[in-house]
Amino acid sequence: MHFKKIYIEISNKCNFHCSFCYQSGRSVQFMSADEFRYVVKEIKPYTDYVYLHVLGEPLLHPHFREMLQIAEGENLNVNISTNGSLLARHLDYLLKNPVRQINISLHDAEENVTKEKWGEFILSMLEIAKSLSAKSYINFRLWNQTNEASNEFNQLCIKLIQDIFHLPDCFHVISEKERNITLSPKIYLQLAPRFEWTDTIEAEKKTCYGLRDQIAILSDGNVVPCCIDADAHLLLGNIFSDKFSEILLSARAQRIRKGFEQHRAVEDWCRKCGFRV
């Protein structure tokens with residue numbers, strides 16, 4: 001079994017508070033560098049790509065740089081999802097020690113940066129991206145397209161992106177029609193509706209990337225099928241007490257995986273999940 005990506009939540013603590021983010025009942029926890037080293041060795045045979053994300057802001061971790069070194073030492077490609085607020089602090093390090101990809105959630109700033117500083121914040125993200133793109137892929141996310149209250153923020157983002165990357169006047173029209181836009185070599189803009197963690201309508205017939213393309217490890221070591229299960233509703237085991245290979249072969253893991261292969265959600269929590277393939 002080989003996953004396209006494995007999520008490792010090095011911490012569930014975040015310096016932003018977003019209304020759309022999942023409100024977890026877990027206590028705040030930071031995975032230690034030694035724990036991360038153990039996790040990386042356990043999962044290395046099963047993937048080439050790790051994503052430092054489930055909940056939390058990875059750049060907030062006090063041993064963030066050491067963890068990048070650990071992953072690099074195991075020849076794993078690192079992908080980071082961040083709100084961008086701490087990128088400037090780590091810019092010099094990331095320029096000298098580049099990761100494969102950095103996902104920057106621009107929409108996080110709407111609720112966490114004062115309106116008067118929106119422009120300043122967005123511009124700083126765009127300039128940082130231009131620097132980092134020399135060696136890393138940069139993916140901007142604007143995942144609030146169905147929220148009318150976000151129109152002013154979105155329009156400002158589009159305007160500044162157009163100016164900074166010298167895009168044609170038709171870019172406004174393009175951004176209304178396209179979901180994935182190339183801004184410049186190795187810099188992209190991904191547009192999407194506002195994400196809802198749970199769905200209002202349960203659906204038994206569905207499929208998922210969980211246990212097919214991805215699996216996730218929370219900061220306390222709990223292993224779950226996907227990056228959406230932030231409270232371990234579908235607990236498969238704990239990587240600090242169970243071998244990762246045994247967790248993958250557990251009865252629950254196999255039942256969930258086979259269900260999705262047959263386009264069936266066998267778990268109640270999956271039926272209510274807002275994610276759709």
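Begin with the largest cavity, which holds about 30 Å³ of space. A cavity is a set of points, on a 1 Å grid over the protein atoms alone, where a 1.4 Å probe fits but cannot get out; grid points are joined across faces, edges and corners, and a volume is the space filled by probe spheres set on the points. This is a predicted model, in which local features need pLDDT of at least 70 and side-chain atom pairs count only at pLDDT 80 or more, while totals for chains, interfaces and linings use all residues. Residues are numbered from 1 along each chain as its sequence is written, and side-chain values use heavy atoms, with hydrogens and water left out.

Select Phe20, His107, Glu110, Glu111, Asn144, Asn147, Ser150 and Arg194, which line the largest cavity; lining residues have an atom within 4 Å of a point. This lining divides into one nonpolar, four polar and three charged residues. Here Ala, Val, Leu, Ile, Met, Phe, Trp, Tyr, Cys and Pro count as nonpolar, Asp, Glu, Lys and Arg as charged, and the others, Gly among them, as polar.

Next, select Gln145, Asn154, Ile158, Ser175 and Glu176, which lie nearest the centre of the second largest pocket among its 15 lining residues. A pocket is an open set of points with protein on both sides within 12 Å along at least five of seven lines. The space in this second largest pocket is about 340 Å³. Helix H6 (151-164) and helix H7 (171-177) each give two or more residues to its lining. Helices are DSSP runs (H or I, at least four residues), numbered from the N terminus.

Axes are lines fitted to C-alpha atoms over the stretch in contact, and angles run from 0 to 180 degrees between N-to-C directions.

Finally, select helix H2 (residues 64-73) and helix H3 (residues 87-96), whose axes come within 11 Å and cross at roughly 25°. That angle makes H2 roughly parallel to H3. Phe64, Arg65, Leu68 and Gln69 of H2 meet Arg89, His90, Tyr93 and Leu94 of H3.

Methods
Angles under 35 degrees count as roughly parallel, over 145 as roughly antiparallel, 65 to 115 as roughly perpendicular and the rest as oblique. Contact means heavy atoms within 4.5 Å.
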